[in-house]
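The stops below are meant to be selected in turn.

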Amino acid sequence: MAESKSGFTPQTPDFANRVQSSFAQQSVMNLIGAELVKVLPGEVEIWIPFRENLTQQHGFLHAGIITTIVDSACGYAALSLMPADASVLSVEFKVNLLAPAKGERFVARGMVVKPGRTITVCSGEVFALGSEEPKLVATMTGTMMTLQGRPGVTEG
């Protein structure tokens, strides 16, 4: 099985396929043009291009969009370490918006801090990319829950 620089070992050898399959089912990711670009055990990256129709009144990428991509990055980082029959659900998070989200594209990185049987704690960062150096525009701390055997909740 693959091992990331975080040192976490996934519970299933097909963790990356599971994450990719679940990501593909998220209609909102398609709606905002997000792309899953990196899946390692306990680490996920999601990229999104700048689009004017995703901005707030000052022309910056909207805080809700920033939060959406970093929440998904953290959730999928957690899912990458969960059992094959599990799904993931965010139960709590805090986002700090550090700078206006101005750039040509944005990358959200989600990383597992502490995996658990039921609760996994993650951290996330969002960087604005463009002609200048990458700029940290948001951070997140999140708590993700492992769901297993829940009627009406599919795996992933």
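Is Phe-23 buried or exposed? Select Phe-23: its relative accessible area is 10%, so it is buried (buried means under 20% relative accessible area, exposed over 50% and partly exposed in between, with a 1.4 Å probe and protein chains only).

The model is predicted: local features need pLDDT of at least 70, side-chain atom pairs count only at pLDDT 80 or more, and totals for chains, interfaces and linings use all residues. Residues are numbered from 1 along each chain as its sequence is written, and side-chain values use heavy atoms, with hydrogens and water left out.

Rings of Phe, Tyr and Trp (its six-membered ring) pair if their centres lie within 6.5 Å; planes under 30 degrees apart count as stacked, over 60 as edge-to-face and the rest as tilted. The count by this rule is one aromatic pair. The ring centres of Phe-23 and Tyr-76 are 6.1 Å apart and the planes stand at 65°, so the pair is edge-to-face.

Now select strand E2 (residues 43-49), where five of the seven residues are buried, so the strand is largely enclosed by the rest of the structure. Two strands pair if DSSP finds at least two bridges between them. Strand E1 (residues 35-40) runs antiparallel to E2, joined by five bridges, and Leu-36 stands opposite Ile-46 in E2. In the hairpin of E1 and E2, with two residues between the strands, Gly-42 takes a positive phi near 80°.

Finally, show strand E4 (residues 105-114), which is antiparallel to E2 and joined to it by seven bridges. Here Glu-43 stands opposite Met-111 in E4.

Conventions:
Helix = DSSP H or I, 4+ residues; strand = E, 2+ residues; numbered from the N terminus.
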